[in-house]
Structure formats: structure tokens, C-alpha cells
Amino acid sequence: MNVREFLEQHHVEFGTTPHRTTFSAQRLADCLGVPGDHVAKTVLLHVDGKPVLTVLQATHDVDLARARQALSARKVELAPESELGTLFPDCELGAVPPFGSEYGLTTVVDEPLTHDDYIVFDGNSHHEAISMSYGDFAAIEHPRIAELSHHN
């Protein structure tokens, strides 16, 4: 999925910002000079053996025990990085946009991110960021909302 084309097809406003290569959401925030709370990072989890894409603020980390409880799961664990290349073949490794539905996955957004008026995230690569309103993101993705994290 090309994120730009996907967003254009949904007729939503968004911006793109080329930037130096970054490999973490917090470094993306620093590079762009935006608050880490507005940078949406994606974390792939295995929830009872099934891949689930979670989206949270760059300033937060997934709390596996909290996620297990919030998702009413028996077992929640981080997916191995090697799985990202298989599930997201059109993305640079680790530069996964927050649209799990486009890859046949459930998307779960960490509740604190829902309070942001806009979000910034990797657009299939480590050198271009996409920014858009959180409301437009939610209208396109229809994510499940849960409390999954703790502040890092």
C-alpha cells in the first residue's frame, strides 16, 4: 500500500515531510521538531497467536500485561521483527503505517493517542513522514481503542 495514494483515494487532507533517515518514532519527532505525543508509532503484537497492529504515541511503550487485559487475551507478545517484512512487503523494515486494515490486520489504538488533534507517522519509509488529523485517521481506519501502554 502506498500511503499517499491510499489517503488520496479517501479524499483526506494530509501533508508529507521528507527528512533525514530515522529508525524510531521518538527520533522522528526530534528530527521534525514535533511533540513525541503526536508521533504515532506502530508495534506489531501477537494476540493469542494472531498478528495485531497497535498504534501508540512515540512517548509510550506497550505494556504487555495491560494489553493482555485490555484485549481480553490469554497471551500477548511482541512479534519478531522478521515478521514485519512478510506482513508489510511494501514498507521499509520497521516503517509501518498505522493502517492495519490495509494488510488484513486488526488495528488497536492506544487511548492517549485519541486525544491528539493530529498525528505524524512513517509513510512506508524511514525518510518521509505523513501528517494528518487524528479524526480523519479514525474515520478511515475505524480502530479499536484500548489502554495498552505506559509512558516511557
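Reader: What makes the pairing of the Thr-107 side chain with the side chain of Glu-141 a polar contact?
Author: Keep in mind that this is a predicted model. The two side chains come to 2.5 Å, and the cut-off for N or O atoms is 3.5 Å, so the pair qualifies as a polar contact.

Reader: Why is Thr-107 called buried?
Author: Its relative accessible area is 4%. Buried means under 20%, so Thr-107 gets the label. Thr-107 sits in strand E6, residues 106-110, and touches residues including Leu-53, Val-55, Phe-99 and Pro-143.

Reader: Where does E6 go in the open sheet?
Author: The order is E5-E2-E3-E6-E9, with mixed pairing, so E6 lies between E3 and E9.

Reader: What makes E5 and E9 edge strands?
Author: Each of them pairs on one side only. Neighbouring strands in this sheet are turned by 35° against each other on average, ignoring direction.

Reader: How do you know that E2 and E5 pair?
Author: They share 3 bridges, in the antiparallel sense. Pairing takes at least two, so E2 and E5 count as paired. In one of those bridges, Leu-45 has Leu-78 of E5 as its partner.

Reader: And what about E7 and E8, how many bridges do they have?
Author: They pair over 5 bridges, again antiparallel, and Phe-121 has Ile-130 in E8 as its bridge partner. Their hairpin has 5 residues between the strands, and there Asn-124 takes a positive phi near 75°.

Reader: What makes E7 mostly covered?
Author: Of its 5 residues, 4 are buried.

Key:
Residues numbered from 1 in each chain as written. Predicted model: local features only at pLDDT ≥ 70, side-chain atom pairs only at ≥ 80, totals over all residues. Heavy atoms only, no water. Buried < 20%, exposed > 50% of the residue type's maximum accessible area, 1.4 Å probe, protein only. Helix = DSSP H or I, 4+ residues; strand = E, 2+ residues; numbered from the N terminus. Polar contact = N/O pair within 3.5 Å; in protein donor to acceptor, adjacent residues only side chain to side chain. Contact = heavy atoms within 4.5 Å. Axes fitted to C-alpha atoms, helices over the stretch in contact; angles between N-to-C directions. Lists of a residue's contacts leave out its neighbours within four places in sequence.
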